[in-house]
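Let's take a walk through a protein structure together. Have a look at it first, and then we will go through it step by step.

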There are 2 protein chains.
Amino acid sequence: MSASGFATTPKPPYYAVIFTSLRTTAEPEAYARMAERMVELAQQQPGFLGVESARGSDGLGITVSYWETEAAIAAWKAHWEHREAQALGHERWYGHFEMRVARVERGYGMGER
Amino acid sequence: MSASGFATTPKPPYYAVIFTSLRTTAEPEAYARMAERMVELAQQQPGFLGVESARGSDGLGITVSYWETEAAIAAWKAHWEHREAQALGHERWYGHFEMRVARVERGYGMGER
């Protein structure tokens with residue numbers, strides 16, 4: 001993740017995990033710590049390319065992580081520490097979420113059109 | 001878009017446009033009006049499936065719109081009113097943005113794992 005919050009990704013194709021979630025009001029500090037730890041841990045995984053994340057004051061958030069392959073996504077999903085975070089997310093932190101895995105076909109940035 | 005901010009999408013495959021942007025501080029009211037109008041207009045386009053959007057207090061936002069086909073995305077990109085909005089985005093409203101078009105391969109919601 002660049003300093004400004006944008007992921008620096010390679011030429012497509014690569015993969016995106018689009019995670020849309022609604023936070024409960026439970027445990028804001030614990031949640032923030034875990035979210036930060038998950039980004040740190042994801043960055044250490046094979047095939048990780050970058051992550052972008054935003055959450056509004058209404059509690060709705062979108063995190064998109066980018067990966068080289070679907071196998072890298074599966075391995076990250078199965079990581080024991082990530083699984084603990086997923087369980088806590090289910091039980092306490094999210095009122096609802098939707099997860100989508102997508103193959104990025106093309107992309108451009110401002111000034112590249 | 002459902003009341004809670006989640007898009008109701010069909011069984012994959014379908015397409016996602018991931019638009020990550022950093023807002024300038026310019027014209028917050030005009031921007032908010034245009035953003036609302038673009039959602040309203042997008043919903044009227046053929047092949048539109050839904051949209052999810054979040055922007056944090058740091059100005060970084062992610063909007064993901066979902067579409068039946070790549071042709072629907074191309075038609076929406078070329079819509080004259082949308083092109084006006086894109087031009088204003090370039091000139092005034094965004095410090096930077098990244099746009100990615102992706103094919104959603106699989107998805108699940110909370111409780112469906």
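The contact between the two chains draws on 32 residues from chain B and 32 residues from chain A, where two residues are in contact if their C-beta atoms, placed from the backbone, lie within 7 Å. Which element gives the most to the side of chain B that touches chain A? That is S4(B), with 15 residues. Strands S1 (14–23), S2 (48–55), S3 (60–67) and S4 (94–109) of chain B each give two or more residues to this side. By class, the side of chain B that touches chain A holds 16 nonpolar, 9 polar and 7 charged residues. Here Ala, Val, Leu, Ile, Met, Phe, Trp, Tyr, Cys and Pro count as nonpolar, Asp, Glu, Lys and Arg as charged, and the others, Gly among them, as polar.

A word on what you are viewing: this is a predicted model, in which local features need pLDDT of at least 70 and side-chain atom pairs count only at pLDDT 80 or more, while totals for chains, interfaces and linings use all residues. Residues are numbered from 1 along each chain as its sequence is written, and chains are lettered from A and ligands numbered from 1 in the order in which they are written.

Now turn to chain A. It has 3 helices and 4 strands, and along the sequence they follow the pattern β-α-β-β-α-α-β. Helices (H or I, at least four residues) and strands (E, at least two) are DSSP runs, numbered from the N terminus.

Two of the helices pack together. Helix H1 (residues 28–42) of chain A and helix H3 (residues 80–93) of chain A meet at an angle of about 150°, with their axes 11 Å apart; axes are lines fitted to C-alpha atoms, for helices over the stretch in contact, and angles run from 0 to 180 degrees between N-to-C directions. H1(A) and H3(A) are therefore roughly antiparallel, a label for angles over 145 degrees. Residues in H1(A) that take part include A:Tyr31 and A:Met34, and those in H3(A) include A:Leu88 and A:Trp93. The residues of this contact divide into 7 nonpolar, 1 polar and 1 charged.

Finally, find A:Ser65 in strand S3 (residues 60–67) of chain A. Is A:Ser65 buried or exposed? A:Ser65 is buried, because 25 other C-beta atoms lie within 10 Å; a residue is buried if 20 or more do so, exposed if 12 or fewer, and partly exposed in between. Leaving aside neighbours within four places in sequence, A:Ser65 is in contact with A:Val17, A:Ala42 and A:Val51.

Key: Angles under 35 degrees count as roughly parallel, over 145 as roughly antiparallel, 65 to 115 as roughly perpendicular and the rest as oblique.
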